[in-house]
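Here are a few notes on this model, jotted down as I went through it. Have a look at the structure first, then read on.

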Amino acid sequence: MHYIRFCRPPLVEQGRSGHKTLKLVLTITTDLSDKFLCPHEPIQLSIIGAGAPANPQNGPVPINLTPKNPPTWRAGMRVLKVDVLLPPQPIETVQVRPTSRQLTALITDDISSGTGDGLILPVFADLAPGPNDHICFRSLRLPGGTATLQVEEEMGESMARHVWDGGLTTASFVANMILGQTAPNAGTTTKASLPMLANILQQNDGPLNIMELGCGVGILGLGVARILGVSSHATAEKSTLLMTDLPDAEERTLANIARSADQTACSVMYENLDWEDGKDGIFGPEVTSRAWDLVILSDCTYNDLLPQLVKTLSAVHDHSAKHSSPSNTKILLSTKPRHSDEREFFDLMSKDGWSIQEEVKLPLPVLNDEAQTVEVYLFSKS
């Protein structure tokens with residue numbers, strides 16, 4: 001998977017003739033921004049603006065701003081500068097995406113189907129100047145075609161506070177598994193891929209309490225909350241999603257919770273949680289307020305805190321047992337294998353009494369590169 005990124009905030013300049021020009025500086029990289037896209041053939045991009053509709057009920061009106069001279073990304077490029085003449089009508093939001101629909105990740109099915117040679121995720125930004133002009137967002141349509149999942153991230157090439165492959169792919173997979181709209185020829189991505197997980201998320205015998213560890217910008221947790229809302233299960237309105245991470249993730253996570261506040265049926269909250277505290281069972285008031293049915297985490301096995309992470313998971317399990325004995329806490333882990341030393345996580349989980357109940361490997365659509373996968377596991381503890 002590759003991601004179009006704004007290297008700096010979009011800039012609108014007023015010319016002497018009264019015309020406005022939109023200036024963009026773009027790049028296309030992997031999720032960690034450690035490799036630039038090097039396509040075999042040039043890839044044309046479309047710059048699409050959206051203005052306020054005459055009737056607010058109709059939604060934004062898209063305008064192709066580059067119909068005749070589309071900017072093109074070529075092998076060897078690290079940055080692409082684009083100047084676009086804006087139309088007379090006001091443009092509030094700009095989107096940059098591949099012109100080719102086949103290369104564009106627009107819906108969750110594009111990502112989770114496992115078909116195609118590679119995908120590029122479009123990027124969106126609001127053009128209104130202000131304190132958040134360094135923020136862009138990603139948007140995917142969920143199965144059914146009407147609901148969307150939107151998550152803000154920061155501009156630039158830093159891997160911090162960005163959407164990563166594991167969370168994005170897993171959220172897309174869960175969307176198609178729960179909402180029942182898996183594409184034909186979907187390979188391993190079928191509705192029955194993780195039946196135990198599907199049963200947990202679709203339970204009708206009471207509210208569901210979900211906690212996310214190391215949530216980052218929140219793509220997986222908010223994706224699950226959005227999916228539960230769209231699925232129309234009666235328990236979704238009484239369910240809870242608690243997102244946790246270190247303090248430097250709090251601002252962006254809270255912004256994303258606010259962005260999706262009117263789109264999620266369950267209660268979504270955030271609380272800081274350091275695994276150095278969690279391993280000793282030291283939790284905040286929200287964590288300790290209830291038993292947890294499911295703990296989710298993605299892209300969290302790449303650091304040197306694996307022992308602390310595993311002990312934190314076990315401490316959550318033990319805490320839940322005090323609220324609901326015996327504890328039935330399950331762990332949903334998604335990870336994109338990058339280094340062999342990540343396997344230590346699984347050894348530590350086994351030593352701490354956790355076992356894998358089900359798993360699936362999701363093919364990751366990568367353009368002009370070696371095949372990659374995102375692995376998803378459901379753990380339980382006896």
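Which strands does helix α7 lie across?

1. Helix α7 (residues 306–323) lies across β13 (209–212), β16, β17, β18 and β19 (372–381), and runs at about 160 degrees to β16. Angles, from 0 to 180 degrees, are taken between N-to-C directions of lines fitted to C-alpha atoms, for helices over the stretch in contact. Helices (H or I, at least four residues) and strands (E, at least two) are DSSP runs, numbered from the N terminus.

2. A word on the basis: this is a predicted model, with pLDDT of at least 70 needed for local features and 80 or more for side-chain atom pairs, while totals for chains, interfaces and linings use all residues. Residues are numbered from 1 along each chain as its sequence is written, and side-chain values use heavy atoms, leaving out hydrogens and water.

3. The open sheet has seven strands in the order β15-β14-β13-β16-β17-β19-β18, with mixed pairing (two strands pair if DSSP finds at least two bridges between them). β15 (267–272) and β18 (354–364) are at the edges with a single partner strand each, so one side of each has no neighbour in the sheet.

4. β16 (residues 294–298) pairs with β17 (residues 330–335) in the parallel sense, over five bridges. Leu 294 has Lys 330 in β17 as its bridge partner.

5. Helix α5 (residues 250–259) also packs on the sheet: it touches β14 (240–245) and β15, contact being heavy atoms within 4.5 Å. The direction of α5 makes about 175 degrees with that of β15.
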